[in-house]
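Grab a pencil and have a go at the two exercises below. Try each task before you read its solution.

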Amino acid sequence: MARFRFPVLIALAVFIVALALTAAIKDSHYILLSLVLLGAALFPLFAGLERRPIESRELVLLAVLSAVAAISRIPFAALPSVKPVSAIVILSAYVFGAEAGFIIGAVAALVSNIYFGQGPWTPWQMFCWGMIGLTAGWLRGTWWMRKRTGMLIFGFVWGFLFGWIMNIWYLISLPDAFSWKLVVSAYIASFYFDLAHAVSNVVFLSLLAGGWIKVLERFRKKYGLLQKE
């Protein structure tokens, strides 16, 4: 797990620096920031894959789980912020680890937006869902995540964190991005959407956790896939 944290910390540093640079960039700065975040989100993926040999069946598993997470957005397209993607990413990371969770979350965002539409918001979604998988993988060995209640609280909290991070993209795309009045208004307006995401995470985790964890653990143990770090 330590080998994966270094490139991720670099990605987080790039993320923070990019946010700081937006204060000095006036024209189309949100597009530049999105491109930077895209690189930051993909860097740990390539770094992790380059640092160790990975079998083709492991790549297939990652691709399948990413596709399942991406497709799961479509049936709920009419319900803003209600989606099982976060729950699937959390459960996958819980079984296969932080690296797999990050990859599945980031790729699911990219692939699902082929249907929903690509744009400067895509790298932000890749970053958010990637971070959900990353943190779930990092915490999976703790007593907190091993309890059902702890996992549900984790999903609930990330429902709000996801929205708060996405609000940053919305704000920097506006002319008065750094107006405190605008910031407060944006976060107040997004509250119910963030709450819907948080509650839906709890619901989907409650419904999927038992069955998904058993099935994924069986695959991991039987075929030796993506051994825990």
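Predicted model: local features only at pLDDT ≥ 70, side-chain atom pairs only at ≥ 80, totals over all residues.

Residues are numbered from 1 along each chain as its sequence is written, and side-chain values use heavy atoms, with hydrogens and water left out.

**Exercise 1.** Work out how many helices and strands the chain has, and what share of its residues is buried.

*Solution.* Start with the DSSP runs (H or I, at least four residues, for helices; E, at least two, for strands). They give ten helices and zero strands. Next, take buried as under 20% relative accessible area with a 1.4 Å probe, protein chains only. That puts 47% of the 229 residues in the buried class.

**Exercise 2.** Describe the largest pocket: its volume, its central residues and the make-up of its lining.

*Solution.* First, the term: on a 1 Å grid over the protein atoms alone, a pocket is an open set of points with protein on both sides within 12 Å along at least five of seven lines, and lining residues have an atom within 4 Å of a point. The volume, meaning the space filled by probe spheres set on the points, is about 650 Å³. Now the helices: α8 gives the largest share of the lining, seven residues. Last, sort by type: 15 nonpolar, nine polar and three charged.

How values were computed
1 Å grid on protein atoms, 1.4 Å probe; cavity = no way out; pocket = protein on both sides within 12 Å on 5 of 7 lines; lining within 4 Å. Nonpolar A, V, L, I, M, F, W, Y, C, P; charged D, E, K, R; others polar. Buried < 20%, exposed > 50% of the residue type's maximum accessible area, 1.4 Å probe, protein only.
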